[in-house]
Amino acid sequence: MRILNIPNLSLIFFAGMIHLFTLQTAAAEEQDDNTSVTIIEPSKKVSQPNSATVDAENFELGLFYGSLSVEDFATNPVKGIYLNYHITSNLSAQVSYGSSDVGRATFEDVVGGDFLSEKDEEFSYIQVQAGYQILHGRSFLGAKRRFNSYLYVMGGIESVQFARNDEIGFSFGARYKLVLTDSLTLNIDLQDHIFEREFIADKKFTNNIEFTIGLNALF
Amino acid sequence: MEYWFQRILLNIKYFVILFFCTCISSTFAEQASEGSTIPEQSVDIDTEYFDVGIFTGLLNIEDFNSELVKGINMTFNANEDFFIQFNYLEANASLSSFELSQGRFFAEDDRTFTHFDFLLGYNLFLGEHFMSDSITRLSSFYLVAGIGDTEFGGEESFTYTLGLGYQIAVQRNILVRIDFRDYIYKTNIIGENNSTHNTQLSAGVSFLF
Amino acid sequence: MQNSKRQSSMTGAIRNFCMKPSTNLCQFIGLLIICLYSIPINAADSHPPPPLQLKVIDPYIELHTGPGVGYPIFYTIEQGDNVIVLTKRTAWYELKTLDGQTGWAKASQVARTLLPTGEPVDLPSISYGDYLKNSWRVGFKAGEFTGGELSGSDTFSYSVGFRPLSWAGVELEFGNFFNSEIKGSYQSLNILFEPYSEWKLSPVIIVGKGSMKLDSQPELLPLNIDKNNFTTYGISVNYYIGRNFVLNSGFQKYTLSTDFNDERLERWNIGFNAFF
């Protein structure tokens, strides 16, 4: 016994009504004409209950907000925009821009000087990422709501500007996507931005962990 | 003589294992004690409440480097919505850019970032996902919050932890988790009474029994 | 300066022993493995018990695809059918019907089934009545000192307790506290009076004695070990949240006898306890 979604019950109801109507028509016809009996087969079209899914839409445009931890500095809010294109059902490509106002490091406060100018204190990136879907299924919120959900592995290349560095770095991470309605999805992303940075005469690969939540429109 | 108290406290984590072991034995004890009203049939059902696991990942220590972190955790699933988790993790802080140019903040011994915490977790979304074959796997997306203790730079601080994560049962008894955590505590290593946020991105494997 | 160097090297030595990363983690993992090995001995017999087979007496039992109310129901077991109980997780049982369908059913539905002998099944559960019979308790508390010299320090503590009578018990508490300048630890032996422990929300009176040690932090400063005895009394409230867990919240006053005078401290806390 499968439990049907409430919105689709109305479709079932209509299908049922059509069924009854055609049966009645058939019965009426049978009564009228004793010699020839025309049996009208009702069209058995019971639509499957479906949660909102990404089917015909290929593009997603969205905004995200979250936290970014910059190595040697603090954790600050990050915001940005992204555009995602579903190439196949498993593969997607994304272009995004994010920026975070990092501010002074604590030791800059202690020493009393500024190692970076105000402009250099902004961590911003332009990123091209590929996402590969490793899991698809459904998620349930409480007893009533269910959403189609997917888990992606993401990886990409980016151009990062921070602390007078303008470098090419790369990123990897994971995304949990929930399809909220037919035109809205929610992404929860975790990623690590890796780029080589030179700061106070120390050049090293830095890891910067980012967590964001984004809302996208499907079209 | 006075140091034996300090030793007890440094080993407080052993008491935590004791706590979890008693939880485990209590759930087994409840099975053993039941069935006393029906002498001929001992009701012995396999229970799956606990999981123990290891995890590794990256930790961004505020004002310091990002380091590889390794840890272990134990989770007790109280009901379908809530669970309690204990985590213990360690990371070794190497010299940060600032320290390389200006000098060390603290000695070698104090460079290990050690943290343990008790978390209450809430399964926000329970789910079932399909891997490439047609077998359904149970999964959940959860939020966690809790308290703990962080030791770093010669200081021991009361820590708040917030986080979220996703777990999937790749086999009936094996869980794979991806987690994000933010450890928040006040420190005096650099500056006065700074509230630091140390974020961690980690992946782990747990065994459910 | 000399003294502090010697002291810091002594603590350094202790630190090295206890806190060396690989040693500490290995010790921890070792103890964990020992604990885990000891558990199956507790539970499993030499041969596995026969699978529990039950007969459904409710009009139906719904099988979900997973142990949660959100998971869809894919099968209904009818009255009179036999099922085999496979596993229990939280408040859900995994059942298998005789024609091979496997799914999860709520414990409340499964409790209303019969054994093949026709008697109702007595499934393991921790209901409120069972919780009261359990006498050992472990828990942890977190809180803050709000009065006295340590005002503003955060504190958390672990405790082990034994309750031989329904209205009285004893506990051993180990705590730590921290603020920006001072850190410290305390241990106390407390006696608890809970006259109405059968209430879901019940008051507790605590009296105890212990000792407290203060250190300065960070350790760059000279170590200043002060160990003082205290007596404590307070009141808290226990709230039974289900299975064998209790939340509690309370307020305690400490009277610390130092060399010069009596230091009065106040602490409020919330805590979580498990009974077994």
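## A walk from chain B to the A/B interface and on to chain C

Start by selecting Gly71(B): at 5% relative accessibility this glycine counts as buried (under 20% relative accessible area; exposed is over 50%, partly exposed in between, with a 1.4 Å probe and protein chains only). Before you go on: this is a predicted model, where local features need pLDDT of at least 70, side-chain atom pairs count only at pLDDT 80 or more, and totals for chains, interfaces and linings use all residues. Residues are numbered from 1 along each chain as its sequence is written, chains are lettered from A and ligands numbered from 1 in the order in which they are written, and side-chain values use heavy atoms, with hydrogens and water left out.

Still on Gly71(B), colour by secondary structure: the residue sits in strand β3 (residues 66-77) of chain B. Helices (H or I, at least four residues) and strands (E, at least two) are DSSP runs, numbered from the N terminus. Now show what touches Gly71(B). Leaving aside neighbours within four places in sequence, its contacts are Gly53(B), Ile54(B), Phe55(B), Tyr88(B) and Leu89(B) (contact means heavy atoms within 4.5 Å).

Next, bring up chains A and B together. The contact takes 41 residues from chain A and 35 residues from chain B. About 3,300 Å² is buried between them, 67% of it from carbon and sulfur atoms; buried area is the accessible area (1.4 Å probe) that two parts lose on being put together, summed over both.

Zoom in on Arg138(A) and Glu128(B). They form a salt bridge, with the closest N and O atoms 2.6 Å apart (a side-chain nitrogen of Lys or Arg within 4 Å of a carboxyl oxygen of Asp or Glu).

Last stop: Ser157(C), in strand β9 (residues 154-165) of chain C. Buried or exposed? Ser157(C) is buried, at a relative accessible area of 2%. Its residues in contact, beyond four places in sequence, include Phe140(C), Tyr186(C) and Arg267(C).
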